[in-house]
Amino acid sequence: MAIITISRQLASIGDEIGVKIAEKLGYTFFGKKELEKRIVALGFPKSKLAKFEEKKLGFLAGLTHMRDDYLNFLLTAVLEAAAENNCVIVGRGSFIILKDLENHVSCRFIADQKLRAERIQKETGCNAKTALKKINESESQQKAFYKGFFNFDIHDPAMFDVQINTALLDIDSIVASVTALSNTYVSVAKEEIGQKKVEEMLIGQQIVNLLLFVFNLEINFLRASLKEKQITLHGMAASQKVVDSALTIVGAELPGYEIKSAISISQDFRAYSR
C-alpha cells in the first residue's frame with residue numbers, strides 16, 4: 001500500500017535491493033528498463049534516450065525542446081507507475097516527482113568509494129583506476145542530471161526518508177528495515193490521500209501532453225496543477241490567443257472543472273518549434 005522510490009550511487013547495490021523489496025512486499029518493480037519502455041511507448045524516440053539518462057546533458061540537449069519533451073514523458077511514466085500503487089521505482093528523479101505524496105517512502109543507498117570500486121572490479125574485471133573513473137563519472141553525471149532537470153543537489157540527504165550505507169548492512173537486513181518502515185509509516189488513510197493526489201498529478205500531466213503533443217500549442221514550461229475541481233495552467237506563451245486555445249481545449253476535455261490560467265504572456269517571447 002506504499003510507493004517506494006530508490007536513489008543510489010553506482011555500485012551501492014540499490015537496484016538489487018529494490019528488486020528484493022518488491023519481491024518481499026509483492027510490489028511491482030520499475031527499474032531503468034521498465035521506465036524507458038514506458039517513456040518510449042508514450043512517444044519519445046528510443047534513439048534519443050541515451051542523451052537523457054542520469055547524466056550530464058549535452059549542450060544541444062540542454063537547449064532544445066527535446067529536453068522538455070523528455071521531461072514530460074518521464075513525468076508521465078513515473079506518475080503512471082505510481083498510480084498503480086504498491087510499487088518500487090528506481091532512479092530518474094522519481095523521489096522528487098513523488099515527494100509530496102503521503103504514501104511515498106524515499107530511500108537513498110550509498111557506500112564508500114573503495115567498496116564500490118571493488119564491486120565494479122569484481123563485476124566487470126576492470127582495474128582499480130578504471131573502476132574509480134567510472135564512479136567519478138557517474139557521480140558527476142548524476143549530479144548534473146538532477147541539477148539540470150530538478151534543480152536539486154543529489155547529495156542533500158534532506159529529501160530522503162532514509163539513507164543507508166550498504167557497506168554496513170547486508171541486503172536482507174536492509175530489505176527488512178525498509179519494508180518494516182513502509183508498513184509502519186504508510187497507513188490506510190495516508191494511502192488514500194496519496195493516491196488521490198497522484199491521480200490528480202497524472203491528470204494534470206495528461207493535460208500538458210494533450211496541449212503540447214496533440215494540439216501542438218506553443219507554450220513553454222507548461223504545467224497543470226489540480227485541486228479538487230479546479231485546474232490551473234502555468235507556463236509562458238507569446239499571445240493571449242494561444243492561452244485562450246489552451247483553456248478551450250482543457251474545458252472541452254474536462255467538463256465540470258473550473259479552468260484557470262497562470263500562463264505568462266510576453267510579446268518578446270518566441271516558443272521553440274517542435
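Biologist: What do the buried residues of H1 pack against?

Modeller: Keep in mind that this is a predicted model. In it, the buried residues of H1 pack against strand S1 (3–8), S2, S3, strand S4 (104–110) and helix H8 (171–185).

Biologist: And which residues in H1 are buried?

Modeller: Gly14, Ile17, Gly18, Ile21 and Ala22. Looking down the axis of H1, those buried residues fall within an arc of 135°, so they line one face of the helix.

Biologist: OK, what's exposed on the other side of H1?

Modeller: Glu23 and Lys24 are exposed there.

Biologist: What follows H1?

Modeller: Glycine 26, with a positive phi near 75°.

Biologist: Switching to H2: which residues are buried there?

Modeller: H2 covers residues 32–42, and its buried residues are Leu35, Glu36, Arg38 and Ile39. Seen down the H2 axis they fall within an arc of 160°, so they line one face of the helix.

Biologist: Where do they pack?

Modeller: Against strand S2 (28–30), helix H4 (65–83) and strand S3 (87–90).

Biologist: And which residues are exposed on the other side of H2?

Modeller: Lys33, Lys37 and Ala41.

Biologist: Last one: what comes after H2?

Modeller: Glycine 43, and its phi is positive, near 130°.

Definitions and conventions:
Residues are numbered from 1 along each chain as its sequence is written. This is a predicted model: local features need pLDDT of at least 70, side-chain atom pairs count only at pLDDT 80 or more; totals for chains, interfaces and linings use all residues. Side-chain values use heavy atoms; hydrogens and water are left out. Buried means under 20% relative accessible area, exposed over 50%, partly exposed in between (1.4 Å probe, protein chains only). Helices (H or I, at least four residues) and strands (E, at least two) are DSSP runs, numbered from the N terminus. The arc is that of the directions from the helix axis to the C-beta atoms. Contact means heavy atoms within 4.5 Å.
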